[in-house]
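Have a look at this one before reading on.

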Amino acid sequence: MSPILKLGPQGDEWAYDKEARSYDLTRGVSESPRFALRTTHGPPDISITLSPALSALVVVDMQNFFLHPRCNDHPTGLAATERTLEVIARCREIGIKIIWLNWGLSDDDLGSIPAATQRSFGSTLITPSLDNKTARNGFGSDMGDGRGRLLMAGSWNAEIYDPLLEVSRPDLDLFCNKNRISGFWNGETPLAKALAAGGYRTLLFAGVNTDQCVLGTLADAYYRGWDCIMVEDCCATNSPGGHDVTVYNTSGGYGFVVDSRSVAEGVLGSDTQV
């Protein structure tokens with residue numbers, strides 16, 4: 001029996017080497033280097049090899065609204081920001097595309113957002129809060145203090161958090177707005193169109209919040225047939241237990257889990273092993 005197990009439809013398959021305990025996600029692409037790295041959760045001693053030319057790092061919702069002290073208290077999110085900066089630098093070195101996926105609503109969006117989603121971001125309309133910093137009066141509401149309308153495209157609160165904004169590259173990166181928890185909730189979202197146009201098949205995920213917008217987008221990508229790799233220390237949430245459950249389910253079902261150290265120590269070359 002061959003030690004190589006093929007998974008998926010012809011032309012879009014993975015190859016799993018039982019002896020090396022390695023998944024090859026490159027789909028036979030040979031004109032660009034391969035990048036191999038170790039997983040951090042799931043079965044032990046597993047490595048994955050991807051093609052940077054077919055891969056993108058999707059940075060989800062690392063915006064002022066979620067991370068800046070003027071809008072939120074998110075210490076784990078700030079720690080994840082530091083690791084994300086390191087992973088972005090490494091991705092640029094090896095040729096993985098950077099995609100910034102952020103809430104960025106238009107006035108037209110405001111009339112079509114479902115009730116459940118509106119409630120999530122209008123909690124203080126239902127239960128008033130004395131804390132203006134964390135008040136959530138609904139999409140498009142004026143947050144006051146120069147922060148702009150809540151998660152509207154072009155507002156200060158919807159801008160990429162400054163340390164990340166400083167390393168973004170408008171000439172190289174892709175910038176995709178979203179109007180739902182998931183940036184991939186249908187095949188016509190800006191993210192869906194960007195992935196199709198670029199031919200990206202393997203997605204690494206960073207961002208906040210792990211169990212909400214990161215998971216929503218990652219799960220939709222999984223349902224639609226993309227490879228999903230969660231970079232665990234580049235993701236964060238304030239939800240009790242939310243991060244650990246997402247790591248568990250991603251490593252056991254949706255895809256793979258790595259961390260910033262795995263990415264830093266990954267091996268780039270024509271015939272890579274880690």
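## Strands, rings and a loop

Within β8, Leu174 is the bridge partner of Ile99. Strand β8 (residues 174-178) runs parallel to β7, and 5 bridges join them; strands count as paired if DSSP finds at least two bridges between them. Helices (H or I, at least four residues) and strands (E, at least two) are DSSP runs, numbered from the N terminus.

A quick word on ground rules: this is a predicted model, where local features need pLDDT of at least 70 and side-chain atom pairs count only at pLDDT 80 or more, while totals for chains, interfaces and linings use all residues. Residues are numbered from 1 along each chain as its sequence is written, and side-chain values use heavy atoms, with hydrogens and water left out.

Back to β7, which also pairs with strand β6 (residues 55-60) in the parallel sense, over 5 bridges. There, Val60 stands opposite Leu101 in β7. So how much of strand β7 (residues 97-103) is buried? 6 of its 7 residues are, so the strand is largely enclosed by the rest of the structure. Buried here means under 20% relative accessible area, exposed means over 50%, and partly exposed is in between (1.4 Å probe, protein chains only).

Now the rings. Those of Phe, Tyr and Trp (its six-membered ring) pair if their centres lie within 6.5 Å; planes under 30 degrees apart count as stacked, over 60 as edge-to-face and the rest as tilted. By this rule there are 12 aromatic pairs. Take Phe65 and Phe121: their ring centres are 6.2 Å apart and their planes at 40°, so the pair is tilted. Phe65 lies in helix α1 (residues 64-67) and Phe121 in the loop between α4 (115-120) and α5, so the pair ties together parts that are 56 residues apart in sequence. Both Phe65 and Phe121 are buried. They belong to one aromatic cluster together with Phe66, Trp103 and Phe139.

Last stop, Glu159. This residue is found in the loop between α5 (123-126) and α6 (162-165), and is partly exposed, with a relative accessible area of 34%. Leaving aside neighbours within four places in sequence, Glu159 is in contact (heavy atoms within 4.5 Å) with Gln63, Asn64 and Leu165. Pro52 is 107 residues from Glu159 in sequence and 27 Å away in space, C-alpha to C-alpha.
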